[in-house]
Structures are given as structure tokens and as C-alpha cells.
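Please read it with the sequence and the model at hand.

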Amino acid sequence: MDRGNLRLFVIGGLIVALGLAFFVSPLASSSPDGLERVAIDQGFAETATDHALAEGPLADYAVKGVEDERISTGLSGAIGVVVTFGVGMVLFGALRAARRRRTRAPTA
Amino acid sequence: MHIPDGFINAGTSIAAGVVSAGGIGAALRRAAREMEDRQAPLAGLVAAFVFAAQMLNFPIAAGTSGHLLGGVLAAVLVGPWAGAICVALVLLVQAIFFADGGLSALGLNVLNMAILGALGGYVVFRVLRDVLPKRRPMVVVAAALAAWASVVLASLAFFAEYAVGGVGGVPLGAVFTAMVGIHALIGVGEAVITALTVSAVMAVRPDLVFGARDLAPGPGAAGPRVALEA
């Protein structure tokens, strides 16, 4: 297996994800999504309660303290991509290590 | 599709949390047995990509938008178990860091989008793969149709949860019609994004697409079948 090639693929994919999060997400529709629309139309939207972490530094996809709305949204998205990737690599790396221990496969 | 706190009562939310914890626990155990060397970084990438794509709300009707859920996309790329973990991870990051999706509703959201979305969606994908001709373009077709079905499935799941534990007490028939109707439309967007992404990966690295392994020459041909057996 060509590991260098896989690394290139993952890096390329990450760049695409970061690009979507930083450049495209600020252009996304800000209309209510399907569930929010149903909740508004059917009259149960007001039962929603405040999120316990609504004051967090990235809450509602905005970076606290960044005034420009587009940059704030884009930056929060890019941070989210990095955090998700980082946690994912640790988690899936641990699962891979678990399989290696279990199978005792000879390392290639 | 992210349920906030307050829509569904505590008992129903806790029950969904127990089911979700069991489902993700099973997925973690399966992944710990099967996670291949090259799948680990790919799964991390898929989670990051689903996070980014979920931010891209597209307009579907007057004053309404939809976004990718990503369960079928993740499952087709990295397998149903790792795929479910990917979506659950995205939902966890969103709930904790972005205040998107209620903390008390995390179990509901994981059930609807990760368990039903990735695992349920993958079952639909496998059935379609079995019915459709054994050719590469059919992987994309099956992924697109399963992606649409997974969004409708998630909307049905929300309706069931609302019927059991909805707080607002509004007429259920109207909720059902509105919920499934809107998500049948949003599902078209899910199908398009899933098809575009799967075909892009198929074009560059078809060997990395879990749901197309039976078509790839060489070892690993048994992949998808084996993976869904209990």
C-alpha cells in the first residue's frame, strides 16, 4: 500500500474541508433548517430552552470577539474542522492500535 | 435536524441516550476489531469533512434550508461502524463547542443521525447494491438513494420521538406531514452532495471506498458483506 499517497489524499481532503468551512460556510443559507421550520410552523419552537453552553467562545458558529460576521463564521468552521479531525485521529488511532494488539499482525 | 433542549421530554431523551450509547458502544467494539491501518486517518478526514459540509445550509423552499447529515456518506467511505462513530463525533463537537443540538438531546440526535443515518442508511445502501448491477457507477447511485432515504428515516425518527415525548403538545398529524415533506426535499440535497463526494473519491482513490470493495480487484473483496454481519 502506498502510504505516502494516502497521506497526500488526507491532506488534500483536509484542505477541501477547511476551504468549505472557511470560505463557503459564511455564504450558506441562514434560514431555519427543516426541523426549525416545522417547529415554527407547527408552534412548538418556543419550547426550546437555552443551550447550557450558549456562551461558549464558538457558540452558534461565531468566534467571540471577531466582529466581521463572515470571518467569524468561517474561522469557527475552520476551528471545528481542525478539532473534529484532531479528536478523530486520536480516537480512530486508538481503535487501530486496539486492532493491532488483538491481531498481533506483523508490521509491514 | 439538530434537536435542541426542550423539544422532547427527559424520559424519552434518556431512553434515546441509552440506545445511542449502546449503539455507539457496539460500533466502537466493532471498529476496534476491524479498523485497518489506512482507515484510521481516512475516518478522521471523513469526520472533519462531515463537520464542514454540515455548515453548508442550502435553501430548499421559501425561508427554509437544509444541510447534509452525512451518515450514508461516512458509512460508504469508511464502513458503517466507523461511519456511525464519525457522525456521533461531529454531533458531540457541535453540541459542546458550537451550542448546536441540545446537550440533553445528544442521545436523540446521535440516534437519528449517527445510528439510523449511518447504520440504517448503510443497510439501505447494501440492499440497493445487491439489487443494482455490479458496476462502479452503481455505487454512486446506491449511495445517493440511500442518502435520501436516511434523511427521511431521520425525520420519521424525530416524529416518533415527538409522538412519544414531545413537549409542545401540538397535533401529531400536522407534524408528521410537515416533517417528512420537508425532509423528502432536503434528502435530495443529501443525495446530491453524497453522490458528488463519493464519485470524487471513486475517481481519485476507488480503493479507499469501503462500499465499493467488492468491485475492487485484489484482496479485501469480502469487506462490506462481512462488516454488517453480527
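1. The structure is a predicted model. Local features are considered where pLDDT is at least 70, and side-chain atom pairs count only at pLDDT 80 or more.

2. Extent of the interface. Chain A brings 60 residues to the contact, and chain B brings 69 residues. About 5300 Å² is buried between chain A and chain B, and carbon and sulfur atoms give 74% of that area. Of the area that chain A buries against chain B, 14% is supplied by Leu35(A), Tyr61(A) and Phe92(A), more than by any other three residues.

3. Polar features of the interface. The rule finds 2 salt bridges across the interface of chain A and chain B. A salt bridge links the side chains of Arg99(A) and Asp37(B), with an N to O distance of 3.7 Å. Between chain A and chain B there are 17 residue pairs in polar contact, with both residues at pLDDT 80 or more.

4. Elements on the side of chain A that touches chain B. At least two residues of this side come from each of α1 (3–24), α2 (34–42) and α3 (69–103) of chain A. The largest share, 20 residues, is supplied by α3(A). Sorted by class, the side of chain A that touches chain B comprises 33 nonpolar, 18 polar and 9 charged residues.

5. Two residues with positive phi. Most residues other than glycine have a negative phi. Asp60(A), a residue other than glycine, has a positive phi near 55 degrees; Asp60(A) is placed in the loop between α2 and α3 of chain A. Ala99(B) is not a glycine either, and its phi is positive at about 55 degrees. Ala99(B) lies in the loop between α4 (80–97) and α5 (106–131) of chain B. Are these residues buried or exposed? Asp60(A) is exposed, with a relative accessible area of 57%, whereas Ala99(B) counts as buried because its relative accessibility is 11%, and the cut-off for buried is under 20%.

6. Helix α2 of chain B. This helix covers residues 39–54 and has 16 residues. From its first C-alpha to its last, α2(B) reaches 22 Å, close to the 22 Å expected at 1.5 Å a residue. As for accessibility, 16 of the 16 residues of α2(B) are buried.

7. Gln54(B). This residue belongs to helix α2 of chain B and counts as buried, at 4% relative accessibility. The side chain of Gln54(B) reaches the backbone oxygen of Leu69(B) at 2.9 Å. Leaving aside neighbours within four places in sequence, the residues in contact with Gln54(B) include His2(B), His67(B) and Val90(B).

8. His2(B). His2(B) is placed in the segment before α1 (10–34) of chain B and counts as buried, at 10% relative accessibility. Which side chains does the side chain of His2(B) meet in polar contacts? One is the side chain of Gln54(B), at 3.4 Å; another is the side chain of Gln94(B), at 2.7 Å. Not counting residues up to four places away in sequence, His2(B) also touches residues of chain A, among them Asp33(A) and Leu35(A). His2(B) and Leu89(B) stand 87 residues apart in sequence, and their C-alpha atoms are 14 Å apart in space.

How values were computed. Residues are numbered from 1 along each chain as its sequence is written. Chains are lettered from A and ligands numbered from 1 in the order in which they are written. Side-chain values use heavy atoms; hydrogens and water are left out. Contact means heavy atoms within 4.5 Å. Buried area is the accessible area (1.4 Å probe) that two parts lose on being put together, summed over both. A salt bridge is a side-chain nitrogen of Lys or Arg within 4 Å of a carboxyl oxygen of Asp or Glu. A polar contact is a pair of N or O atoms within 3.5 Å; within protein, one must be able to donate a hydrogen and the other to accept it, and residues adjacent in sequence count only if both atoms are side-chain atoms. Ala, Val, Leu, Ile, Met, Phe, Trp, Tyr, Cys and Pro count as nonpolar, Asp, Glu, Lys and Arg as charged, and the others, Gly among them, as polar. Buried means under 20% relative accessible area, exposed over 50%, partly exposed in between (1.4 Å probe, protein chains only). The expected span of a helix is 1.5 Å times one less than its number of residues.
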